[in-house]
Structure formats: structure tokens, C-alpha cells
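Please keep the sequence and the model in view while reading.

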Amino acid sequence: KHTLGGATFVSNFILYFEGGYWDVESHRKVLLHLWSLGVEEQFYLVFPIVLFVIYKLSVSSSFVWKRLFIALLALFLLSLALNLSLSKIDRDLDFYMPFTRFWELLAGSLLALYLRKPDRAKPSSKVLIALLVIGVALLINASFTTTQRGFPGYKALFPVIGTALVIYAGSFNSVKLSLINRILSFRPIVGVGLISYPLYLWHWVLLSFAWIIVGGWNAKSFELVGLRGSLILIAIALSILTYYLIERPIRFGKKGRGIKAILLVVALVGVGLYGAFAYKFNNLLMPFKIESLKDVSQALSGYKFIEYIDCKKQYRITNGYCIFNDQNGSETIAIMGDSFSWASFQAIAEFNAKKGRNTLSIYDVGHLNSGKVDGSLNPVWGQFAANDYKDKVFDLVTYDNQIRKVFFIVNPHSIEPIDFYNRIQNSVDRLIEANKKVYVVANQPWLPKHIKDIIVFNPLKLKLRDDFEIYREERFKAHKEYYEEFAKIKGATIISTFDIFCPTEKCLYLDENGIPLYSDHAHLSVTAGGRFLVEKVLKPYLDE
């Protein structure tokens with residue numbers, strides 16, 4: 001999918017729509033860096049049209065420059081304003097969308113246009129030196145302070161303004177700037193600039209594959225720091241070869257330029273089609289088809305294998321999530337909880353569908369730790385907690401005569417055990433009063449580390465770490481307080497999962513086919529994990 005996105009210059013859109021609670025870590029997306037090329041190409045497609053329209057609307061050559069500068073400045077300010085406003089609302093949208101990043105490219109356009117102004121004044125040497133120092137200071141500051149959090153936002157102004165000031169100051173032939181110009185013209189520095197584009201293309205691919213194969217790395221580990229340093233040197237070597245063997249002959253070679261363009265387009269279309277077919281037909285075009293790798297990928301990605309509808313609007317639920325698998329049955333089984341219930345929903349709905357039963361899931365990903373303990377707060381509402389919302393959801397469940405069973409599947413570890421007990425017990429009491437049969441599922445044991453750090457993905461094989469074991473006694477101690485609180489709950493059937501997931505002195509994290517039961521360190525995978533829970537634990541309770 002990412003190959004197709006890169007070939008069609010829409011990687012930024014694909015990556016944005018992949019974002020969310022269940023998204024794969026960015027380190028594992030080998031073509032993640034192509035998002036910026038998508039934004040660039042989108043700019044290059046739109047910008048000439050803007051120039052053409054402004055040119056056609058201008059009546060004289062002098063008027064063209066003014067109108068163009070005003071128009072580009074207006075677009076720059078609009079894009080910047082959108083960037084700054086969305087950085088506080090939707091960070092992913094702000095990061096990936098072209099309209100929030102065009103201002104960075106338009107800054108260069110405005111600078112290039114200003115340098116071509118016929119009557120522009122030349123600043124004094126002192127002013128130029130001051131601008132240059134400020135520009136370099138902003139770039140140094142950006143190098144040390146720019147982090148993923150809060151970027152682009154206002155932080156992106158520092159490298160953009162700094163770069164513009166350095167270019168502007170360096171555009172004048174000033175005796176006092178000659179030393180700085182000679183430094184910036186130093187062959188090794190120019191060489192880095194020449195290979196910067198292929199270096200950008202190579203570096204992330206190597207680092208990402210290393211992260212995947214090694215299973216993540218610790219910055220304090222000398223060996224892995226050495227590995228990363230080696231990969232950067234390899235990326236530089238590959239970039240030099242790419243520049244001299246590919247980029248220069250294609251860009252500057254005078255022979256066969258038309259043929260080169262045609263071949264490049266054909267290659268781009270071919271790569272895009274390859275990605276499309278491989279994605280559509282489950283890797284059928286891969287030279288090494290590995291069924292288990294495909295299944296593992298599905299298990300870890302939250303693959304949706306059963307149809308359901310979004311019932312949020314239907315029941316006027318303004319917060320949280322509401323999903324419904326409709327089998328036109330006379331009985332509906334309700335699942336209430338947080339993201340843990342979502343991970344189990346699809347397998348439960350699949351099982352119920354075979355029995356002609358409907359499945360309703362109402363959940364919230366805010367978790368328990370963000371709600372106020374008022375003695376009646378349902379554990380699923382988390383940060384969205386509000387009395388009117390809580391009452392609407394309870395009304396939905398309690399007054400629906402088709403709902404006779406309610407399953408609570410929640411994460412207890414976000415709050416203190418006693419608070420967890422109080423919230424669950426009050427919710428159970430309210431449902432018991434409405435003559436519902438209530439089941440509370442005690443969580444499966446959590447893994448000591450992320451499942452993706454247990455399973456090693458290799459381009460040619462899939463294997464488990466030889467040194468990884470999960471011991472029953474250790475996992476029981478980690479959950480003991482919460483299991484004790486589960487046991488105190490009255491009026492509900494408490495369903496224990498511990499003995500099923502830890503049948504011996506060691507606990508399970510793969511099913512009999514070697515597919516992960518977990519999608520991270522705690523949530524079940526919606527395929528193997530959810531089905532395991534249903535078949536091994538929930539089946540008799542769903543059928544009784």
C-alpha cells in the first residue's frame with residue numbers, strides 16, 4: 001500500500017488515514033519518509049497553475065510582480081494560519097496535509113520572487129551579517145529543539161525562517177560575507193548538499209528495516225548505536241553511488257532524454273501497479289509468499305473481518321463509540337468497556353452471527369483513569385464522562401428488551417484497584433436492576449513487553465526470540481490486586497481468563513498456528529486473540 005502511495009504521490013494521505021489508536025509504530029513503516037515527497041509533488045502540480053492564473057490576470061510586467069507577490073504572500077499566511085490552528089486540534093492532520101505544509105515551500109517561492117524584484121535595495125554589510133547570524137542561530141536552535149511532539153506548529157518557523165535568512169544574506173556579493181560564502185562553498189559541504197536527496201531516500205529504509213529485524217533498540221546500547229552509525233555510513237555510500245550512477249546521468253545526460261522520461265514513467269507506473277496488486281491480493285506477487293507472515297500482519301493490524309454499522313448517530317451517542325453487527329436476530333448481546341472490548345468485539349460478533357444473534361458494542365478509549373469517581377460512573381466512559389451521556393447509554397442497554405446479556409470487558413490497570421471495583425460494582429447493580437444478566441471478564445495476563453518486540457520480522461522469515469518466556473507466577477503477581485477486586489464483585493458472573501492463557505507454568509502468547517494472541521503488550525489481537533478468547537473462555541457464557 002505504501003509502495004502504491006509513493007508511486008502516486010499520495011503517501012501523506014495514506015499515512016494520515018492510517019493514524020489512530022491501533023496504528024502501527026512509525027519506526028515500522030519502511031516508506032514513511034515518502035510522505036514529504038507527496039506534499040512536494042502536490043505543491044508542484046498546484047503551483048504552476050497558480051502562477052499561470054496570476055499571469056493571465058495581470059495587465060503589465062510590473063503589475064505581474066506585485067500581484068504575484070501579494071497572492072503568494074496571502075497563500076503563505078493562509079497555509080501558516082491553518083498549520084498553527086490545526087497543530088492544537090489534530091496533530092496528524094496538521095503534519096500530513098498539503099494545505100498545512102505549503103507555507104514552508106511558499107517561503108522559498110516568496111524569497112526567490114523577492115530576489116528578482118527589479119528595484120530592491122541592497123542592505124548594508126552589517127545588516128546582512130546580522131541576518132546571517134540570526135539565520136544560523138535559528139537553524140542551530142531547530143536542530144536541538146525540534147521534536148516530533150508539537151511539530152510542525154510554530155516550531156517549524158525556526159528552520160524555515162533561518163534557512164530563508166541564510167539564503168537571502170548569501171545572495172549578495174559582500175566582501176565581509178566572503179569568508180562565510182567560502183565556508184559554505186567548501187567541497188565536502190557542497191557534496192553533502194548534492195547527495196542530500198538520495199540520502200533522504202536511503203536513510204530511513206535502512207534504519208526502519210534494522211528496527212524491525214532487531215526488534216527496536218535502546219539508545220544506551222553501545223552495539224546498537226554502532227549499528228545505527230554503520231547504517232548511516234552505508235546510506236551515505238549508497239547516496240553517493242545513486243547520485244553519480246543514477247541522478248546525474250538522468251538529470252544532466254544529453255542523450256536520450258525523451259526515452260529516459262518515458263522509461264521513468266513506465267517504471268513508476270509498474271512499481272505502483274505492483275504495490276496495488278500485492279496489497280489487493282494478499283502478497284500474491286511476492287517472490288517469497290509466507291502465509292504465516294500475512295496472518296501475523298493481520299493479527300497485529302486490527303484487521304476487520306466482520307461487517308458492522310456505526311450506531312453512534314442512531315442512538316444519539318455524542319461521545320465514545322457505538323458499533324452494531326445486525327443479524328436480524330431476536331437476541332442482542334451487549335459488550336461494554338474500553339479498547340479491550342473493541343479488541344474482542346469482532347470475534348464475539350463473528351461467533352454470535354453464526355447463532356443468529358446481534359452484537360452491540362459501546363466503548364470509549366479514554367480508559368478509567370480520566371473519569372471522576374462519583375460512585376456511579378461507568379468504567380467505559382473515561383474522559384468523555386458526562387451524566388447525560390452515561391444515562392443515554394444505560395437507557396439504550398436497559399430499555400432494549402432484546403438485550404438480555406451484558407459483558408463488561410475493560411482495562412482495570414489505569415486506576416487504583418478499589419476505584420476499579422467501585423465503578424464496576426455500581427454499573428453491575430444498575431444493570432441487574434434492569435433484569436440483565438451481567439458478565440465481567442477478568443483480563444488476560446499482560447505481556448512484559450510489546451508483542452512486536454517478541455516477534456522478529458525479517459524480510460525472508462519470521463521467528464520468535466529464543467530467550468523470551470512468560471511465566472505464570474510472575475504474571476499472577478503483576479495482576480493479583482486486580483484479580484482480588486474482580487472476585488469481590490456481586491451480582492455478576494466473573495469470568496476468569498488467567499488459567500486459559502497460563503495453562504502451565506508458562507503463559508501463551510501465540511495460538512496453535514503460531515499467530516499472536518496479542519496486538520501489543522495487553523490488547524488481544526482481533527483475529528487470533530479474539531477467537532481464542534471466545535472459543536476457550538466465552539463460548540459457554542454466550543450460549544447459556
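A residue is called buried when its relative accessible area is under 20%, exposed when it is over 50%, and partly exposed in between, with a 1.4 Å probe and only protein chains considered. The model is predicted, so local features need pLDDT of at least 70 and side-chain atom pairs count only at pLDDT 80 or more, while totals for chains, interfaces and linings use all residues. Residues are numbered from 1 along each chain as its sequence is written, and side-chain values use heavy atoms, with hydrogens and water left out.

**Overall composition**

- The protein chain contains 20 helices and nine strands; these are DSSP runs numbered from the N terminus, with helices (H or I) of at least four residues and strands (E) of at least two.
- Of the 544 residues in the protein chain, 42% are buried.
- A contact means heavy atoms within 4.5 Å. Among contacts in the protein chain with a separation of 6 or more, 72% are between residues 24 or more positions apart.

**The disulfide**

- The structure has one disulfide, a term for a pair of cysteine sulfur atoms within 2.5 Å.
- C502 and C507 are the residues joined, with an S to S distance of 1.9 Å.
- The link of C502 and C507 is right-handed, with 100° about the S-S bond.
- C502 counts as buried because its relative accessibility is 0%, and C507 counts as buried at 7%.

**Helices α3 and α11**

- Helix α3 (residues 34-57) and helix α11 (residues 196-214) have axes that come within 10 Å and cross at roughly 135°. Such axes are lines fitted to C-alpha atoms, for helices over the stretch in contact, and angles run from 0 to 180 degrees between N-to-C directions.
- α3 and α11 are therefore oblique to each other: angles under 35 degrees count as roughly parallel, over 145 as roughly antiparallel, 65 to 115 as roughly perpendicular, and the rest as oblique.
- On the α3 side, L34, W35, S36 and L37 meet Y197, Y200 and L201 of α11.
- By class, the contact of α3 with α11 comprises six nonpolar residues, one polar residue and no charged residues. Ala, Val, Leu, Ile, Met, Phe, Trp, Tyr, Cys and Pro count as nonpolar, Asp, Glu, Lys and Arg as charged, and the others, Gly among them, as polar.
- F209 also has its place in helix α11 and is partly exposed, with a relative accessible area of 35%.
- F209 and R28 are 181 residues apart in sequence, while their C-alpha atoms are 7.4 Å apart in space.

**Loop residues**

- Most residues other than glycine have a negative phi.
- F9, which is not a glycine, has a positive phi of about 60°; F9 is in the loop between α1 (2-7) and α2 (11-18) and is partly exposed, at 31% relative accessible area.
- N328, also not a glycine, has a positive phi of about 55°; N328 lies in the loop between β2 (321-325) and β3 (332-337) and is exposed, at 71%.
- R120 is in the loop between α6 (102-114) and α7 (125-145) and is partly exposed, at 25%.
- Apart from neighbours within four places in sequence, R120 is in contact with Y114, L115 and F172.
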